[in-house]
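Subject: Structure handover

Hello,

Here is the structure for you to look through.

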Amino acid sequence: AKKNKEENLEMVKSISVMTQKYLQGLGIVVLIVAVLNTITLLSFGISSPIFLGVISGLLIVIPYIGVAIGGAIPTVIALMTKDSYWMAIGVACSYAFVQFLEGNFITPKIVGDSTNLNPLIIIVGMIVLGALGGILAMIVAVPILASVKILLEHSENYSEFAILMKNNINEN
């Protein structure tokens with residue numbers, strides 16, 4: 001019974017450490033996106049580029065809706081303040097490109113490394129959990145997947161499945 005209690009405590013500690021690493025990774029992603037969006041807005045001469053870049057960076061935490069809002073605000077500002085609608089199109093396309101980089105490369109790499117989850121598992125998990133539970137489930141998908149991986153690692157019968165979820169199978 002004491003051994004079982006120690007194993008459970010170790011699992012809880014592992015999940016806690018993983019959650020902290022996930023939040024740190026997410027913070028790095030938000031920072032990268034905020035900087036990229038700020039540079040974009042500076043290059044197009046949009047007013048308040050740092051404020052809008054930081055807001056749009058923070059909004060990426062909310063899948064789909066946050067990105068749409070974060071990109072729509074500077075696009076509308078460009079439409080209202082610039083002489084050409086091409087500026088607004090340029091802002092929207094630049095934001096779409098940053099979102100493409102974030103969703104397909106930056107987040108899977110940084111968050112995957114911080115949680116030791118395979119990027120493909122993250123993408124598939126977000127799609128599946130999003131379909132099952134909506135936006136809220138997508139927001140918490142990565143910590144859920146990482147917690148499941150930790151639970152599988154501590155399982156006698158299913159530990160092999162945890163290996164499939166890992167980004168680096170040589171790491172514990």
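**The H1 and H2 pair**

Helix H1 (residues 2-44) and helix H2 (residues 49-59) cross at roughly 145°, and their axes come within 7 Å. The crossing of H1 past H2 is right-handed. On the H1 side, the contact is made by Val30, Val33, Ala34, Asn37, Thr38, Leu41 and Leu42. H2 brings Pro49, Ile50, Leu52, Gly53, Val54, Ser56, Gly57 and Leu58 to that contact. By type, the residues of the H1 and H2 contact are ten nonpolar and five polar, with no charged residue.

Please keep in mind that this is a predicted model.

**The chain as a whole**

The protein chain has seven helices and zero strands. Its pattern along the sequence is therefore simply α-α-α-α-α-α-α. The C-alpha trace spans about 70 × 25 × 25 Å along its principal axes.

How much of the chain counts as buried? The figure is 37% of the 172 residues. The chain exposes about 10100 Å². Carbon and sulfur atoms supply 70% of that area.

Contacts were also sorted by distance along the sequence.

**The H5 and H6 pair**

Helix H5 (residues 119-139) packs with helix H6 (residues 141-153) at an angle of about 125°, and the two axes are 8 Å apart. That angle makes H5 oblique to H6. H5 passes H6 in a right-handed crossing.

Which residues of H5 meet H6? They are Ile121, Ile122, Gly125, Met126, Leu129, Ala137, Met138 and Ile139. Their partners in H6 are Ala141, Val142, Pro143, Ile144 and Leu145. The contact of H5 with H6 divides into twelve nonpolar residues, one polar and no charged.

Most residues other than glycine have a negative phi. Two residues are worth a look on that score.

Start with Ser48. This residue is not a glycine, yet its phi is positive, at about 55°. Ser48 sits in the loop between H1 and H2. Its relative accessible area is 44%, so Ser48 is partly exposed.

Then turn to Asn116. Its phi is also positive, at about 55°, and Asn116 is not a glycine either. You will find Asn116 in the loop between helix H4 (85-115) and H5. Is Asn116 buried or exposed? Asn116 counts as buried, because its relative accessibility is 6% and the cut-off for buried is under 20%.

Thr81 is found in helix H3 (residues 65-81). Its relative accessible area is 49%, so Thr81 counts as partly exposed. The limit for exposed is over 50%.

How far is Thr81 from Gly45? In sequence the two are 36 residues apart. In space they are 9.9 Å apart, C-alpha to C-alpha.

**Where to look**

For a quick tour, begin at the H1 and H2 crossing. Move on to Ser48 in the loop between those helices. Next, go to Asn116 in the loop between H4 and H5. Finish where H5 packs with H6.

Best wishes

Definitions and conventions
Residues are numbered from 1 along each chain as its sequence is written. This is a predicted model: local features need pLDDT of at least 70, side-chain atom pairs count only at pLDDT 80 or more; totals for chains, interfaces and linings use all residues. Side-chain values use heavy atoms; hydrogens and water are left out. Axes are lines fitted to C-alpha atoms, for helices over the stretch in contact, and angles run from 0 to 180 degrees between N-to-C directions. Helices (H or I, at least four residues) and strands (E, at least two) are DSSP runs, numbered from the N terminus. Angles under 35 degrees count as roughly parallel, over 145 as roughly antiparallel, 65 to 115 as roughly perpendicular and the rest as oblique. A crossing is left-handed if the near helix is turned anticlockwise from the far one by less than a right angle, and right-handed if clockwise. Contact means heavy atoms within 4.5 Å. Ala, Val, Leu, Ile, Met, Phe, Trp, Tyr, Cys and Pro count as nonpolar, Asp, Glu, Lys and Arg as charged, and the others, Gly among them, as polar. Buried means under 20% relative accessible area, exposed over 50%, partly exposed in between (1.4 Å probe, protein chains only). Accessible areas come from the Shrake-Rupley method with a 1.4 Å probe; for residues, only the protein chains shown count as cover.
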